[in-house]
Amino acid sequence: MLDAHPLRAAATALVAEHAAQLRAARDEASLRVLQTQRGWAELSQQEAVQSADAIEDCVAAHREIRSNEVQRLAAARAGAAGFAAEAAQRWRETSRSLAREQEAWGDPASGSLTTRTERRELLECEDSWRRRPILVENRLLDDHASASLIQQQSGGSAALPLAA
């Protein structure tokens with residue numbers, strides 16, 4: 001214990017130096033923690049901004065797609081309505097054409113069947129199956145009795161009973 005006083009002073013200085021180093025390390029750790037927290041806060045804020053931007057972009061894209069789809073649907077419905085209207089008009093025209101007194105393929109200017117003077121009859125010649133496939137003009141406007149008579153005489157069909 002010769003040098004107790006100088007040793008105590010050295011030990012006290014050493015303890016003080018260690019305490020100072022410990023405070024400095026604690027302060028630096030606190031500073032780094034603060035810097036890390038600030039960095040995380042900035043990153044979090046940047047991510048929030050990026051997320052908000054991404055959400056806005058997605059919403060804008062969704063609105064555009066929806067608008068395009070609504071337009072496409074409207075065009076498809078208009079096309080279907082136009083097609084239905086055209087089909088209805090053609091049906092009305094066909095129905096009127098078939099309901100007229102002249103044939104559907106006849107000329108409307110020629111009048112009805114009762115006033116037309118053109119009539120057709122089967123040609124008297126037969127093919128190998130005993131058909132008479134050709135229509136010729138019936139200038140006499142008869143009721144085809146002669147054609148029926150020729151067919152009966154040739155043995156092509158039985159005589160029709162006469163109505164009394």
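1. R90 and E86 sit 4 residues apart in helix α1, so about one helical turn separates them. Their side chains meet in a salt bridge at 3.1 Å, N to O; the term means a side-chain nitrogen of Lys or Arg within 4 Å of a carboxyl oxygen of Asp or Glu. R90 is exposed at 52% relative accessible area, while E86 is partly exposed at 41%. Buried means under 20% relative accessible area, exposed over 50%, and partly exposed in between (1.4 Å probe, protein chains only).

2. This is a predicted model, in which local features need pLDDT of at least 70 and side-chain atom pairs count only at pLDDT 80 or more, while totals for chains, interfaces and linings use all residues. Residues are numbered from 1 along each chain as its sequence is written, and side-chain values use heavy atoms, with hydrogens and water left out.

3. The structure holds 3 salt bridges. One of them joins E28 and R32, with the closest N and O atoms 2.9 Å apart. Both residues lie in helix α1 (residues 4-99), 4 residues apart. E28 is partly exposed at 42% relative accessibility, and R32 is exposed at 52%.

4. E69 forms a salt bridge with R72, the closest N and O atoms being 3.5 Å apart. These two are 3 residues apart in helix α1.

5. The protein chain has 2 helices and 2 strands, in the order α-β-β-α from the N terminus. Helices (H or I, at least four residues) and strands (E, at least two) are DSSP runs, numbered from the N terminus. Of its 164 residues, 5% count as buried.
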